[in-house]
Amino acid sequence: MFLLGTLVNGALIIIGSLLGKLLNRIPESMKTTVMYAIGLSVMVLGLQMGLKSENFLIVILSLVMGAVIGELFKLEEKLNDLGHWLESKVGSNGKGSISEGFVTATLIFVIGAMAIIGALDSGIRGDHDVLYTKSIIDGFTALILTTTLGIGVLFSAIPVLLYEGLIALFATQIDRFVPHALMDQFIVEMTATGGVMIFAIGLNLTGMIKIKVANLLPGILVTGVIVTVLYNYHHFF
């Protein structure tokens, strides 16, 4: 079953979030300190990912163009509206908006090499080992994030299922039509671009600044376009 790894990943995110919800009755001062610890850790994770870029100009262009697109379409506002709607349905937990937990967890779980490589392995070879490993990491991360950001983290399982599921579903076609060199370059630059976004999330978690990270999300698609254009240019010229 080529979707098994994806389903396990989504399930462990949900289980981790529910366990984190049970553990959220901790003193407010402890929550604050834990939030700072998570923020600092996320910043370091983002830096590590960002430094993997082989052409940082791609990262800069992707983020700038993505920010313009995100602001034009007001993605942050739309996501907040969705968060408020979810809060009206499931109830606010009083520990930050659902949209904050959703965006933070989604970026951490989706961006990076493991999601793409794992889904491709599942779809092409039926090998779920990478996604199983990612599932354990994501489940534990979801537990920790939920204790401070609330139940919004649970809803990140939906984009994870859609993202990894679609890659696994079309893995054979992707492997057939997308050159391995192009895919490798895209993964590297997408990871770096996403790393900057994750660093921004870390800043938000520490309360140092408030960056509209959701408005940067189109940068991932822009990265794919730029990498494809550069690959074809070097290939044909």
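Me: Why is Glu164 called buried?

Reply: Buried means under 20% relative accessible area, exposed over 50%, and partly exposed in between (1.4 Å probe, protein chains only). Glu164 has a relative accessible area of 0%, so it is buried. A word on the ground rules: this is a predicted model, in which local features need pLDDT of at least 70 and side-chain atom pairs count only at pLDDT 80 or more, while totals for chains, interfaces and linings use all residues. Residues are numbered from 1 along each chain as its sequence is written, and side-chain values use heavy atoms, with hydrogens and water left out.

Me: What makes the contact between Lys134 and Glu164 a salt bridge?

Reply: The term asks for a side-chain nitrogen of Lys or Arg within 4 Å of a carboxyl oxygen of Asp or Glu. Between the side chains of Lys134 and Glu164 the N to O distance is 3.0 Å, and the pair counts as a salt bridge. Lys134 belongs to helix H7 and Glu164 to helix H8 (residues 157–169), so this pair ties together parts that are 30 residues apart in sequence. Helices here are DSSP runs of H or I with at least four residues, and strands are runs of E with at least two, numbered from the N terminus.

Me: Which residues make up the network of salt bridges that share partners?

Reply: Lys134, Asp138 and Glu164 are joined into one network. Lys134 also bridges to Asp138, with their closest N and O atoms 2.6 Å apart. These two are 4 residues apart in helix H7 (residues 129–149), which means a separation of about one helical turn. Lys134, at 4% relative accessible area, is buried, and Asp138, at 6%, is buried too.

Me: How many salt bridges does a search of the whole structure find?

Reply: The search finds 3. One of them joins the side chains of Asp121 and Arg125, at 2.2 Å from N to O. Asp121 and Arg125 sit 4 residues apart in helix H6 (residues 113–125), so about one helical turn separates them.

Me: Is Asp121 buried or exposed, and is Arg125 buried or exposed?

Reply: Asp121 has a relative accessible area of 13%, so it is buried. Arg125 reaches 56%, and therefore counts as exposed.

Me: What makes Ser62 and Thr223 a polar contact?

Reply: A polar contact is a pair of N or O atoms within 3.5 Å; within protein, one must be able to donate a hydrogen and the other to accept it, and residues adjacent in sequence count only if both atoms are side-chain atoms. The side chains of Ser62 and Thr223 are joined by such a contact of 3.0 Å. Ser62 lies in helix H3 and, with a relative accessible area of 0%, is buried. Leaving out residues up to four places away in sequence, Ser62 touches Thr193, Gly219, Val222, Thr223 and Ile226, where contact means heavy atoms within 4.5 Å.

Me: Which residues touch the most other members of the largest nonpolar core?

Reply: A nonpolar core is a set of buried Ala, Val, Leu, Ile, Met, Phe, Trp, Tyr and Cys residues joined through side-chain atoms within 4.5 Å. In the largest one, with 53 residues, Phe109, Ile116 and Met197 touch the most other members. Helix H10 (residues 180–206) gives the most to this core, namely 11 residues. Not counting residues up to four places away in sequence, Ile116 touches Tyr163, Ile167, Met183, Phe186, Ile187 and Met190.

Me: Why does Leu61 count as partly exposed?

Reply: Its relative accessibility is 38%, so Leu61 is partly exposed. Leu61 is in helix H3 (residues 56–73).

Me: What stands out about the phi of Lys74?

Reply: Lys74 is not a glycine, yet its phi is positive, at about 50°. Lys74 lies in the loop between H3 and helix H4 (75–90), and 42% relative accessibility makes it partly exposed.
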